[in-house]
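Biologist: Could you take me through one part of this chain up close, and then the charged pairs elsewhere? Here is what we are both looking at.

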Amino acid sequence: MSTDLGSAPSGSHGVKRRDFLKVVGATGAATTLVGCTSEKVGRLIPYVVQPDQTVPSVSNYFATVVREGSEAAGVLAEVREGRVIKVEGNPQHPGNRGAVNARQLAAVQGLYNPDRYRAPLKREGGKLVATTWADALGILSRQLGTARSQGAAGRAVFINQAELGSFPAFLDQWLAAFGMPAHVAYDADAQLATVAANRAAYNAAWPRLDFTAARLVVSFSGDFLDHYGNQVPQQLDWADARAKLEGAPRAIYVGPRRSLTGLNADEWIPVRPGTELAVAQLLRGQLPAAAAAEQTGVAQAVLERLAQEVTAAGNGLLAVAGCGMPNARELGDAVAALNQAAGAVGRTIRPDQAHPAPARVASFGEVRALVERMNAGQVPLVMVRHANPAFSSPAALGFADAFKKVPFKVSFSSVPDETSELCDLVLPDHHALESWGDAEAGPGQIALQQPAMDPVFDTRQTADALIALARADQTTAARFADRDYRAYLMARTPGGAATWTANLPKGVIAGSVQQGAAAAAPVARPAAAPAIPAQPANGEMFLVVYPHALIGGDGRGANKPWLQELPDPVSKVCWQSWVEIHPQTAKRMGVERGDELEVRTAQGSFKAPAFIYMGVRPDTVAIALGQGHPGYGRYAKGIGSNAYAVLGTAEDAAGGLVLTAGTARVSKTGNSMDLVSTEGSARQHGRGIGQAVLVGELGGLREATGAENAAVAPQGGSGDVQGTAREVTGPSATGGAAGGAAGGAAAKAAGDHGAAGGEHGAAAGGHGEAPAGGGHGGEGAVEIPGEPSKAFLPGLRSPVANDAQGNYGDPTSKDKGMYDPNHPSGAAKRRWAMTVDLARCTGCSACVTACYSENNLPTVGAPWQGRALAPGAWDTRPGANVVKGREMSWIRLERYYEGALNAENEFQPDFDTRFVPMMCQHCGNAPCEPVCPVYATYHSPDGLNVQVYNRCVGTRYCSNNCPYKVRYFNWFGYGEPDRRQYAWPEPMNWALNPDVTVRGKGVMEKCTFCVQRIREVEHVAKLQNRELNPDEFTTACAQACPSRAIQFGDAADPQWTVAQLANDRRAYHVFEQLNVFTAVVYLKKVSHPAPGSAPATA
Amino acid sequence: MATIARPVPGTVTPRPNIASADVQLPGVRDYEQVDNEIIGTMTPTAGWFGALGLAIVCMLIGASSWVYQIYWGLGQAGYAPPVMWGVYIITFVFWVGIGHAGTLISAILYLFRAGFRTTIYRVSEAMTVFAVMTAGLFPIIHIGRPWKFFWLLPYPNWRLIWPNFKSPLVWDVFAISTYLTISTTFLYVGLIPDIAVLRDRETNPVRKRIFSILSLGWRNSDREWRHFARAYLFLAAFSTPLVLSVHSVVSFDFAMALTPGWHATIFPPYFVAGAIFSGFAMVWTIVIPIRRWFNLKHYVTLNQLDATAKVVLFTSLVVGSAYLIEFFIAWYSGVPAEIEYFYNRVFGQWWWSAWILLCCNMVMPMSLFSQKLRRNTTWLFILSLFINLGMWYERWVIVVPSLSHEFEPWQWTHYMPSWVDMGFLVGSFGWFFMWFLLFTKQLPVFALAEIKEIIPPKMRGGHHGEPDVSGGGHQGPVAAGGTH
């Protein structure tokens, strides 16, 4: 009622009755509204001056590099309004090729980690207190000056993480300027023996393993799918090879424990720890089979058959050596010789396409020598950057104690890890996503690293800090002409700044980082005979220690809740450590799942609950390195146990730390706890969730013929719908002619592949060749046992969503609204669908973390996120919510075993593993929809099973009625900052995807098929006045997948890959007997049994 | 009031088996005795205050659990997905079931002229109302956003958003609200002549005023009685289908889902039988102590209890057969998930709950084949507690093991209620008994008018009452209500 607008009552005094009532009514309504709403009203503030490049609600992508371990992954950082919200693979990068793994995805949580150093710190009165950069750099400058003036600079030490790129060379240059020796490149996960053997044999640290050219892959504990070499590129190659089906290599894993790689192999030869060498020697003919059988504890017949297979494979052999055992170097050499003898080098082993590796990594001997020098008081100054040897070295080495004796210690790490917490000065580095840099990308290619956003905290890139120090010092200033590290990098790049800048958007540039930097000389080998692995004394067991597949052996990922929450791909345990023990041994010892076991060696002990695992030898226990941090931030502290406690300080011939540490005494402590695992039953109980087919039976799989398609052509209207949908899509859109009649036309066209008239015909025609050229001649259409009928697959292909509740459309109904295929919105023309190829899937779980990142899934397992056990007393066990099954992962990776049903009583290594990514199946006839009393879940016209969070009241009936159990409920206010269950403590909430709601407590949520991405591309296409292009976009899980196992798209349009794959002969629906018409099609895994043997499972 | 039961003048030979015959109250002489003794129970005693206090404390435990749960979220309960329903739904079905016996006794047995209902019907009907009131809370307690519960109601709104009438939960809303409305009305209508008695005896002017309003000006005229009898008959007929429909609808919550162990067409009759079974047990739990504490053994006689015990025995046999048929159907269906679930029900993870159920609901009630035990009130009371336990576990066995053992083995899980769940369970009993105890001291828990019908009427001038004029095939009221 503002007077200056002239709306004041004119000519009358006071308030009119009408106005009064209006005001009262309006205020009353407003008060009621405000009072009744449970949602806080947010404020949107527009930019006064819009930053360059930034369009609100539109993402920018910056090609850069993340370093989560010694590899440097080429990624695209998705930036929204100046903040990185997600990391995606850079398709231009020769390594990642658009894929990304869980650790790399979690880089965002490293960037926004709430425990990161927020400013430089100096030690005052025994505590680290914040200070300014000027002060901190001044202190370091004085220390450097003192060291130099006292002549002690030559004894100073700089410990850096082992990393790719120009920085190591730059660092050495800087150190040299100050008269300090070259830095120590520390990597707790370094596989020195393998690298040394590879360099010696192939002249490349990590030759590319070309699985596609292989006929037989034999891995000697070489975990190329978890932490051997460069995981993502290897997994891409592996999946491509396995997708060749009939032409795919058979894989055999030789080792004491089935790692993820071992579970993906077709056969496991369970040798004693450290006796992989004996098998390699047998294969080279250097050891008689009987002796090898004696050493390895494997039946002679098995080894002889292996030898025959290796011989038969000829130059199709691809042998991979692992690391960690005492004779790792000898094993590496023997395996390399095996490859060379088979003629595999250059064919399956490709040194010419080697993956990059750090030029130099300190051997364990160097680290031990450093500890001795520190203990002797010979080291006046230590600088450490992103390496955490105080945690990631054997406790028996005593690094931390020695480190404390150094008079002045400086850390450049950006997180409060165990080492930097001991330092006197902390100069926190930028995160990789805030830094300039570069890294080797592949032969002749450099990946460029650029900041994707302004620094989150008051940190400074170490290289810049070092340049500043050097330029401030008159003796060194002359050597550092470049103003900062970026200028330094540009100057070094071939072609200079212009080329550099021009290629920055792509992220990759031709050239070499290590110009003139010679590869490290191979470590001199002791001439001693191969170390014979220790034999367990009476009552002892072999101990296998391996790096945690997600957290990393150096424990680097432990402070990222996504990685803590992501179940280990093998054990499915999260937020915890575990001890793998064979069921037979467990039965003998009376150990139940979750009973706490103590693993005691001469060096120390490790306590963790038992995980009863068929994939470990009965005389062996296996534990993972990486957990059990005493510090390192809120998410890492106190989670699990530290396996470095039990490690000895032995090293192999290449100077690598021996992990397979020999023997240990294993005993029950008497405690029992819940194993924090997402595993329900590890058996399918014959329910056909993860199905497989023997390679020999592939030909018998029924082809989806044109006739079959026609028989199940969708109901009226679909033919012309799809015709029009495709008219403008692509160059090969010849199907637009099929505009006329509906079902009949589709059927006719389907029979006529040549004309490619109808979409179904095209789909069926394209299909025979589509799945990786799987040539098969199954004219006989042999029905294999258990082969599900394909009767329902067409239900997927048809736009079934004629009706809100998934009923097949009533042809007589006139009012279908948006569900009418001819509705002007065109919404019902599409049927979003997904295919999951189990032959490709390795179970690596990158899709899960990608989903967490894209869809703002809360992590629920932190120790403070549990529920109250009694009023006021909280369940502070890590993973308490996960024990209750309350993890929120919209996509979960199920790991089912087949075979070995009597593992409790005997050792049965011949079990098969099925990894099944399980997400909302977007049923056409969804059981969740009719039971919701408020229509919070309903069917969209394009086949999505939609969940409306705002409408959900939380009856959870939908979840009860979901056969796949893929609906997740917000038990707590994970999105409410004032709750202890809050999942994104500031600034971790900066990584939330603004396109996706953060769900409130009390509502149900589930996989949406990344509906925000669907709608985004639809809107973009509409703005550009065009139809969607086939495979124009994909979901977050499919995009990340380093196996390319997941495909997403429009199944109603045969030009999309997913439409072709849905017609694959291996296609099936999970629980199709339930008539729910799922939109997710699984393609059967293909098992490759030994030639001439019938495996236990099919 | 209107019942076929006619007092037999003169000496009566007590007949032990009277299930379908008249009821005799040889210990009750005249109307004054009825009024005095029954209204006498309405004087508060120390024991009553103690019981009410306990009930209120229990209720407050539930209330504070609710505040706590709303603040923190449903995660404070023991839910372990995919066990998305737990103690709340179990307790909801339990209380709905309890209510059914009350309606059965007050309405169906009325229509069937079962005389033994007369003295226990008021207790049962009150129990129904309070049990439904209790049950009705649980769907709201159980949902994730209870402050949005009204979205389940079909209220007119500007956006034309309606509830999903396909959802059994919406059917529940209608079933429960209808049931609460009808049973409350039925209880109130039956109370009108009794309230008139209270009004006439009341000296406190405030209470007298309240009673006069509630009694709707009842003057005990013939015309009033005739209308009253017709209304009562009509309401009884109206309530009767609800006994069958409400629990059938509740059973649809399960039967309409495709979860193994739920997806069964036997559920509606099986649930109704179970409800009557549990409701009669609850009647025992309430009536037997009242009968003893208030020394009203001559009103609620052993003959009547004997008759109710036969109903319990019969429903137990029905429920027991349903249990066994479920196993047969599971086997006969040939669905692996179903077969595995039912095997698991008795021999798997949840074996103990299934055996509690089978012992309490199938085996123990077999004792009622013995007439001696049927007439032993101590045994009946103990048995009633076991049946209540068994019926709670019946719902447990339906809800928890089914959800924890579904199609997807990777999501098989374990469930254990938390203290919050238990707080609500305790709170529900507190809430129920709080209302019941308050009821016992405000209104007569035994129907004055109806009891007066079955005792020899006060003779006036040495002849019997007026001939029946109400018609309807049964003999109408003779002389009851009011103080003469």
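Where is the place of A:D942 in chain A?

Modeller: Quick caveats before I zoom in. This is a predicted model, where local features need pLDDT of at least 70 and side-chain atom pairs count only at pLDDT 80 or more, while totals for chains, interfaces and linings use all residues. Residues are numbered from 1 along each chain as its sequence is written, chains are lettered from A and ligands numbered from 1 in the order in which they are written, and side-chain values use heavy atoms, with hydrogens and water left out.

Now, A:D942 sits in the loop between β32 (937-939) and β33 (945-947) of chain A; strands here are DSSP runs of E, at least two residues, and helices are runs of H or I, at least four, numbered from the N terminus. With a relative accessible area of 3%, A:D942 is buried (buried is under 20%, exposed over 50%, partly exposed in between, with a 1.4 Å probe and protein chains only). Its side chain makes a polar contact with the side chain of A:W832, at 3.0 Å. By polar contact I mean a pair of N or O atoms within 3.5 Å; within protein, one must be able to donate a hydrogen and the other to accept it, and residues adjacent in sequence count only if both atoms are side-chain atoms.

A:R999 is another loop residue to look at, between β34 (967-969) and β35 (1004-1006). A:R999 is buried, also at 3%. Its side chain makes a polar contact with the side chain of A:E1005 (2.8 Å), and a polar atom of that A:R999 side chain lies 2.8 Å from the backbone oxygen of A:T997.

On to the charged pairs. There are 69 salt bridges over all chains, each a side-chain nitrogen of Lys or Arg within 4 Å of a carboxyl oxygen of Asp or Glu. In one of them, A:R350 pairs with A:D210, closest N and O atoms 3.6 Å apart. That pair links distant parts of the chain, 140 residues apart: A:R350 is in strand β13 (residues 349-355), and A:D210 is in the loop between β8 (206-209) and β9 (216-220). Both A:R350 and A:D210 are buried.

A:E651 and A:R368 form another, with closest N and O atoms 2.1 Å apart. Here 283 residues separate the partners, A:E651 in the loop between β24 (620-625) and β25 (662-672) and A:R368 in helix α13 (residues 364-375). A:E651 is partly exposed at 28%, and A:R368 is partly exposed at 26%.
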